[in-house]
Amino acid sequence: MASKVVLLTGGSSGIGAAAATALAKKDFIVYAAARRTDLMAPLKAAGINVIPLDVTDDASAAAAVNSIMAAEGRIDVLVNNAGYGSYGALEEVPLAQGRAQLEVNVIGLARLTQLVLPGMRARRSGTIINISSMGGRLATPLGSWYHASKYAVEGISDALRLELEPLGIHVALIEPGSIRTDWGTIAAENLRAASSAGPYARQAAAVAARLEDSSKPDAAMTSPASVIADAIVRAASATRPKTRYQVGFGARPMILLSHLLPDRIFDELMRWTFRLPRV
Ligand SMILES: NC(=O)c1ccc[n+]([C@@H]2O[C@H](COP(=O)([O-])OP(=O)(O)OC[C@H]3O[C@@H](n4cnc5c(N)ncnc54)[C@H](OP(=O)(O)O)[C@@H]3O)[C@@H](O)[C@H]2O)c1
């Protein structure tokens with residue numbers, strides 16, 4: 001059987017870089033896309049195709065998809081992985097930053113999906129893998145816009161699964177737990193920039209410390225990006241992928257607890273987890 005062609009966004013770092021490597025090892029033809037192509041020299045050296053992509057830019061997204069279609073004639077798997085955490089108290093985060101969060105994590109995902117679907121429909125086959133988060137099923141303090149974006153990814157994916165199933169196209173959600181990547185450092189930076197000086201300063205300091213800890217190479221209570229990469233390979237290889245893959249530290253138990261516990265008890269658990277001070 002011919003190798004499947006994969007377009008993976010957010011390939012320059014963390015989960016995306018690990019997934020590109022894992023997919024290439026399993027003989028997928030991988031196109032790893034991101035803005036910082038300079039970081040992707042090791043992927044190139046491993047035989048992975050590296051392409052520039054800003055998921056917020058129509059022309060950039062169209063050019064990325066067109067270049068793969070011209071070279072391969074098809075895209076079998078789209079992995080919508082590009083994303084970041086815009087943390088900060090809702091009162092203090094400028095709306096432009098909230099919009100920017102949705103533009104990358106939600107609209108960017110929809111933009112790429114729209115571009116690959118005509119080809120997948122024509123072949124009546126394909127798999128779309130959306131990287132959500134356990135944060136698409138439960139909320140952490142000071143993460144309003146991030147959770148808005150990941151809850152939206154969950155809703156889009158559930159609706160899309162229904163509409164694409166009759167066309168032979170699969171949709172799978174990956175819901176990572178806490179993973180050691182740059183994500184935590186970037187979310188902490190955004191949080192400090194928005195909320196370190198105002199009325200939420202003490203909460204922000206506590207949450208930023210936890211977010212930053214999760215990025216450290218020796219961080220406890222986290223999993224390596226390879227755990228998520230393996231789940232992406234499983235979803236991309238399956239003839240009928242699971243609808244949801246809850247993988248990485250905390251994902252399964254925390255999502256389960258968020259369903260089982262009354263909201264206010266779960267809130268207490270989150271306050272305790274983030275060592276949130278009472279204001
Ligand atoms: N780490 C975690 O604990 C965790 C948990 C749950 C879910 N996730 C999700 O997993 C995904 C990958 O995150 P990660 O942990 O691997 O973080 P990361 O190491 O910071 O990687 C994020 C990737 O997203 C790309 N990206 C950001 N904005 C982009 C844009 N406008 N256009 C194209 N690419 C863009 C970045 O590439 P460029 O900057 O080079 O463009 C980078 O490759 C994200 O969707 C994140 O929300 C992470």
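A polar contact is a pair of N or O atoms within 3.5 Å; within protein, one must be able to donate a hydrogen and the other to accept it, and residues adjacent in sequence count only if both atoms are side-chain atoms. The model is predicted, with pLDDT of at least 70 needed for local features and 80 or more for side-chain atom pairs, while totals for chains, interfaces and linings use all residues. Residues are numbered from 1 along each chain as its sequence is written, and side-chain values use heavy atoms, without hydrogens and water.

A side-chain N or O atom of Ser12 is 2.8 Å from a ligand oxygen, and Ile179 places a backbone N or O atom at 2.9 Å from one. The protein covers 96% of the 880 Å² of accessible area that the ligand has on its own (Shrake-Rupley method, 1.4 Å probe).

The axes of H6 and H7 (residues 201–213) are 8 Å apart at an angle of about 165 degrees, where axes are lines fitted to C-alpha atoms over the stretch in contact and angles run from 0 to 180 degrees between N-to-C directions. H6 and H7 are therefore roughly antiparallel (over 145 degrees). H1 and H8 (residues 225–237) have axes that come within 8 Å and cross at roughly 50 degrees.

Key
Helices (H or I, at least four residues) and strands (E, at least two) are DSSP runs, numbered from the N terminus. Angles under 35 degrees count as roughly parallel, over 145 as roughly antiparallel, 65 to 115 as roughly perpendicular and the rest as oblique.
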